[in-house]
Amino acid sequence: MHLKNKTVIVTGGGRGIGKALAIAFAAEGARLVVADLNSDEARSTAEHIDEVGVTCIGIGCDVTNESDIVNLVAETEERFGPIDLFCSNAGIFIGEPDHSASASNEDWQASWNVHVMAHVYAARAVLPGMIERGSGYLVQMASAAGLLSQIGGATYSTTKHAAVGFAESLSITHGDDGIKVSVICPQYVATPMLGYEEGNAKIETHGVLSAEQVASAVMKGIDAEEFLILPHPEVADFIQFKSGNYDRWLGGMRKLRRNILSKLGSTRLTDMHKLV
Ligand code: NAD
């Protein structure tokens, strides 16, 4: 999809990858609404984009609350007309205090709500109009953890796998209605989620991308209308390896976990940047 003059919503756009995506969408000429749980940060991203002469509004929105999504869509349509692309990017990482099932039910539910139900609510709000118009684009942030699993993140990996599953269903069911779907599956990205400072564009750590590099890969993926967007291209090889020999892949992941534990003493995501 070419983004010039298209109406785009980005969730989780207050900081991190979502902010970089919003800036990249604006640079492509889209009319933009930035939504975030943190309404001040949503507005600050929108002001930043407005300053370079692109119309953008920032709205406070909890994507796990369906009525917030309905209002977000209604406000966007009132201001800019029909939504061409909805980018569900908001996410959270909740590790586990002990074994793989030790996160509380509340933490499991919170991860499910933001990584899966938020995508369902967005699709429910915009799909009927898109189907009627015969065009529309749903871009959904998952993670490489949705294909390969994150060590020390059972709530995260499980719900990101479900996000990939929902994106597949949308694409299979609605491709013939003119609906495009992309699912973004990055590995490590230097954002506050991983303990990096916001706006840390210069990343020296091998395998860690900046949010801006991810946004640039996403713009290319959307331009090519690719389903699976892999900002770290090596993920394609890892998936092939996993599907070729699941047990060998699991053995490799266990070895990686032992290495991380011996170096860091934990598998906390926010400690991963200390690995190099
Ligand atoms: P981040 O924590 O820096 O930013 C996440 C943003 O989402 C924040 O602005 C936060 O306020 C917002 N948010 C959280 N819950 C929300 C809710 N209920 N409603 C609205 N907004 C909400 O994280 P990030 O690294 O920029 O992550 C963005 C997305 O990318 C997430 O879905 C994350 O899982 C995914 N991802 C991140 C990485 C990484 O290494 N950073 C890798 C793969 C995928």
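Student: Of the 27 residues around the ligand, which come nearest?

Tutor: This is a predicted model, in which local features need pLDDT of at least 70 and side-chain atom pairs count only at pLDDT 80 or more, while totals for chains, interfaces and linings use all residues. Residues are numbered from 1 along each chain as its sequence is written, and side-chain values use heavy atoms, with hydrogens and water left out. A residue is near a molecule if one of its heavy atoms lies within 4 Å of it, and of the 27 residues around the ligand the nearest are Arg15, Asp36, Asn89, Tyr156 and Thr191.

Student: Which residue has a backbone N or O atom 3.4 Å from a nitrogen atom of the ligand?

Tutor: A polar contact is a pair of N or O atoms within 3.5 Å; within protein, one must be able to donate a hydrogen and the other to accept it, and residues adjacent in sequence count only if both atoms are side-chain atoms. The side chain of Asp36 places an N or O atom 2.6 Å from a ligand oxygen, and a polar backbone atom of Leu37 is 3.1 Å from a ligand nitrogen. The backbone N or O atom at 3.4 Å from a nitrogen of the ligand belongs to Cys61.

Student: Is His232 buried or exposed?

Tutor: The side chain of His232 reaches the backbone nitrogen of Gln187 at 2.9 Å. Buried means under 20% relative accessible area, exposed over 50% and partly exposed in between, with a 1.4 Å probe and protein chains only. Because its relative accessibility is 2%, His232 counts as buried.
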